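Please open the model in a viewer and keep the selection panel at hand.

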Amino acid sequence: MSHDAPAVGMLLDEVVLDIEPGKIREFARATGALDPAHTAAESARGLAAPLATLTHSVAVGHLRDQQKFVEALGLDIRRVVVGEVAWHYARPLLAGDRLRASRRVIADEERDGSSGAMRLVTLETELVDESGAIAATVREVLIERRGGK
């Protein structure tokens with residue numbers, strides 16, 4: 001690596017995400033998730049509380065210090081795009097969950113692309129519930145174009 005960035009495995013940040021019923025309703029409305037499982041516990045197919053939408057965990061980004069995160073990675077935000085995001089659920093996220101979201105660098109590499117050099121930084125966030133179990137894992141790949149064509 002030709003940049004001064006956090007080492008693979010380094011903890012970038014940790015925040016707490018409370019899954020609130022009102023926020024679930026907002027996400028459901030914004031994403032067109034019309035299933036009543038997102039608004040009423042009795043419609044949540046035997047679950048104890050309303051079900052969060054599948055992308056609800058993106059709300060954790062609003063709790064993070066984004067400027068600090070970009071600086072810690074040594075990225076030029078003007079050259080960064082999100083290349084990929086993948087979610088893996090160990091269990092459904094439910095209203096009332098309180099999740100600790102810990103984000104780490106799991107890969108940081110340079111590659112040559114058709115439009116020039118680029119840096120790919122892969123981050124992984126584990127969403128851990130109050131019992132200590134992983135509820136979900138979010139993996140994202142950030143691409144920073146290095147210049148060139």
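## From the surface to the cores

Begin by displaying the accessible surface of the protein, which comes to about 8,500 Å²; carbon and sulfur atoms account for 53% of that area. The model is predicted.

Next, select the charged side chains. There are 19 positive and 23 negative ones, and the centres of the two sets lie 3 Å apart.

Switch to a cartoon and orient the view along the principal axes: the C-alpha atoms fill a box of roughly 55 × 30 × 25 Å.

Now colour by burial; 40% of the 149 residues count as buried. In soluble globular proteins, nonpolar side chains tend to be buried together.

Which residues touch the most other members of the largest nonpolar core? Select Ile19, Leu93, Leu99 and Leu127, which hold that place within a core of 18 residues. Then highlight strand E1 (11-18), helix H1 (21-31), strand E3 (98-113) and strand E5 (134-145), each of which supplies at least two residues of this core. The largest share, three residues, comes from E5.

Centre the view on Ile19 and show its surroundings. Beyond its neighbours within four places in sequence, Ile19 is in contact with Ile24, Ala52, His56, Leu94, Ala95, Gly96, Asp97 and Leu99.

Finally, select Leu12, Leu73, Val80 and Val105, which are among the ten residues of a second, separate core.

Definitions and conventions. Residues numbered from 1 in each chain as written. Predicted model: local features only at pLDDT ≥ 70, side-chain atom pairs only at ≥ 80, totals over all residues. Heavy atoms only, no water. Core = buried A, V, L, I, M, F, W, Y, C linked by side-chain atoms within 4.5 Å. Buried < 20%, exposed > 50% of the residue type's maximum accessible area, 1.4 Å probe, protein only. Helix = DSSP H or I, 4+ residues; strand = E, 2+ residues; numbered from the N terminus. Contact = heavy atoms within 4.5 Å. Areas by Shrake-Rupley, 256 points an atom, 1.4 Å probe, with all protein chains shown as cover. Lys, Arg positive; Asp, Glu negative; His and termini not counted. Charge placed at Lys NZ, Arg CZ, Asp CG, Glu CD.
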